[in-house]
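Visitor: Hi! Could you walk me through this protein, one spot at a time?

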Amino acid sequence: MANVVVVGAQWGDEGKGKIVDWLSERADVIARFQGGHNAGHTLVIDGEVFKLSLLPSGIVRGGKLSVIGNGVVLDPWHLVKEIAGLRGQGVTITPETLMIAENTPLILPIHGELDRAREAQNSVAKIGTTGRGIGPAYEDKVGRRSVRVADLADEATLELRVDRALVHHDALRRGLGLDPVDRDALLAQLREIAPSVLEYAAPVWKVLNEKRKAGKRILFEGAQGALLDIDFGTYPFVTSSNVIAGQAATGTGIGPGSIDFVLGIVKAYTTRVGEGPFPAELHDADGQRLGERGHEFGTVTGRKRRCGWFDAVLVRQTCATSGVNGIAFTKLDVLDGFETLKICVGYDLDGTRLEYLPTAADQQARCTPIYEEMPGWSESTEGARSWADLPAEAIKYVRRVEELIECPVALLSTSPEREDTILVTDPFAD
């Protein structure tokens with residue numbers, strides 16, 4: 001059976017939550033493979049709103065296994081809070097419906113403190129982090145000083161891991177003017193939270209491989225977007241993990257040959273939260289209109305998103321780096337009523353036309369968009385469930401996007417509601 005990876009193909013906020021939820025109806029397992037609780041998904045199901053930031057989107061569906069893979073960094077206190085919130089909305093969450101990889105690194109309170117202290121003192125160029133400790137937790141992972149889920153089960157190992165981490169963190173904290181970490185208090189916090197995490201702990205790599213061999217369908221869910229990838233994003237204004245599709249394998253422990261289809265989620269325009277280059281950003285009435293109509297505020301942070309026209313150059317680039325087989329095109333209805341639409345088809349860098357975003361930060365900042373104009377449409381596309389429901393100009397817009405990004409549309413989403421989706425190519429088809 002086919003296994004599908006879902007990745008955001010812009011700067012995040014493309015509508016992955018709804019698409020993953022829509023696809024999860026046909027999946028047996030939904031696995032989250034990177035990021036932390038710094039990126040949110042908003043799901044609207046039968047009029048009820050579910051806001052997730054750590055748990056896989058499939059958790060709201062009964063009869064599915066949701067998995068948090070080792071590529072995620074896990075805040076155990078946030079996990080408990082999010083589970084409680086969903087249970088309050090009637091969602092059943094048990095060790096039979098949720099598993100957490102035993103080798104998943106934990107986000108500790110000291111990570112958030114370090115994250116916020118650094119951002120507050122960074123007068124050179126703020127990265128625009130959420131301050132939730134994601135970056136410092138990943139630093140500890142590669143520095144081989146993480147406390148991981150499995151460590152919570154053994155007191156001697158837990159103390160050893162904490163001591164190793166504090167040698168590093170106390171030195172950093174002195175330089176930032178922070179007090180040393182209270183070791184005993186931190187250990188007490190971890191002992192208290194441990195049972196609430198360990199009940200979900202499992203050898204996820206083993207479970208997923210067994211599910212694959214049994215012919216189960218696995219849906220791999222990424223957070224954020226490919227332009228925030230630590231290697232291929234707009235560095236340094238990126239997240240601290242790999243976001244592109246290849247991370248689905250290393251972030252869960254399943255081989256890359258087990259991935260059959262990569263679905264890139266693409267918004268019909270472009271948004272970005274926080275700092276960093278954004279060639280097609282709009283500072284005019286059109287940008288304001290996109291933000292208002294698209295309700296462009298972060299699920300986790302509440303921060304207003306920067307808005308701009310669709311950037312075909314960036315999406316073509318991310319489709320290449322993630323090996324995207326087809327895109328899910330979302331929020332087409334936000335473009336309803338625009339007399340003229342623009343698509344960024346290239347960049348002007350000091351008089352030279354570029355067909356890709358350069359790597360150097362100073363060159364990225366100097367890129368100005370080259371636009372192609374298309375007529376808009378006055379009819380509504382909201383809630384359309386077939387091509388016949390779409391205005392002719394809307395179909396032309398979608399087809400032109402396909403040409404420019406060199407990748408076909410597999411799904412078309414026309415509202416936040418789960419069923420307002422046009423299926424063109426089934427990602428789960430064998």
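Visitor: Let's start with Gly 337. Which residues does Gly 337 touch, not counting those up to four places away in sequence?
Guide: Gly 337 touches Arg 289, Arg 293, Trp 377 and Ser 378. Please keep in mind that this is a predicted model.

Visitor: Okay! Where does Gly 337 lie?
Guide: Gly 337 lies in the loop between β13 and β14. With a relative accessible area of 38%, Gly 337 is partly exposed.

Visitor: What separates the C-alpha atoms of Gly 337 and Ser 380?
Guide: Their C-alpha atoms are separated by 7.7 Å, while the two residues are 43 residues apart along the chain.

Visitor: Can we try another glycine? Where is Gly 8 found, and is Gly 8 buried or exposed?
Guide: Gly 8 is found in strand β1. Its relative accessible area is 1%, and buried means under 20%, so Gly 8 counts as buried.

Visitor: And which residues does Gly 8 touch?
Guide: Leaving out residues up to four places away in sequence, Gly 8 touches Glu 14, Lys 16, Gln 224, Gly 225, Ala 226 and Ile 265. As for Arg 148, which is 140 residues apart from Gly 8 along the chain, the two C-alpha atoms are separated by 27 Å.

Visitor: Switching to charges. How many salt bridges are there?
Guide: The count comes to 28 salt bridges. In general, side chains of opposite charge can pair when their charged atoms come close.

Visitor: Show me one! What does Arg 183 form a salt bridge with?
Guide: Arg 183 pairs with Glu 159, and the closest N and O atoms are 3.2 Å apart. Arg 183 lies in helix α6 and Glu 159 in helix α5, so the pair ties together parts that are 24 residues apart in sequence.

Visitor: Which residues are in the network joined by salt bridges that share partners?
Guide: That network joins Glu 155, Glu 159, Asp 163, Arg 183, Asp 184 and Arg 191.

Visitor: What about Arg 385? Which residue does Arg 385 form a salt bridge with?
Guide: The partner of Arg 385 is Asp 420, and their closest N and O atoms are 2.8 Å apart. Arg 385 lies in the loop between β16 and α12 and Asp 420 in the loop between β17 and β18, so the pair ties together parts that are 35 residues apart in sequence. At 8% relative accessibility, Asp 420 counts as buried.

Visitor: Which residues gather in the patch of negative charge on the surface?
Guide: Asp 46, Glu 48, Glu 417 and Glu 419 do. Of these, Glu 419 is placed in the loop between β17 and β18 and counts as partly exposed at 40% relative accessibility.

Visitor: Last topic, the backbone. Which residues does a cis peptide bond join?
Guide: Tyr 235 and Pro 236, with omega at about 5°. Pro 236 sits in the loop between β8 and α8.

Visitor: What is the phi of Arg 144?
Guide: Arg 144 has a positive phi of about 60°, although it is not a glycine. Arg 144 is found in the loop between α4 and α5, and is exposed with a relative accessible area of 68%.

Visitor: And the phi of His 295, what is that?
Guide: His 295 is not a glycine, yet its phi is positive, about 50°. The loop between α9 and β11 holds His 295, which counts as exposed at 62% relative accessibility.

How values were computed. Residues numbered from 1 in each chain as written. Predicted model: local features only at pLDDT ≥ 70, side-chain atom pairs only at ≥ 80, totals over all residues. Heavy atoms only, no water. Patch = residues over 30% accessible without salt bridge, like charges linked within 9 Å, V, L, I, M, F, W, Y side chains within 5 Å. Areas by Shrake-Rupley, 256 points an atom, 1.4 Å probe, with all protein chains shown as cover. Salt bridge = Lys/Arg side-chain N within 4 Å of Asp/Glu carboxyl O. Lys, Arg positive; Asp, Glu negative; His and termini not counted. Charge placed at Lys NZ, Arg CZ, Asp CG, Glu CD. Helix = DSSP H or I, 4+ residues; strand = E, 2+ residues; numbered from the N terminus. Buried < 20%, exposed > 50% of the residue type's maximum accessible area, 1.4 Å probe, protein only. Contact = heavy atoms within 4.5 Å.
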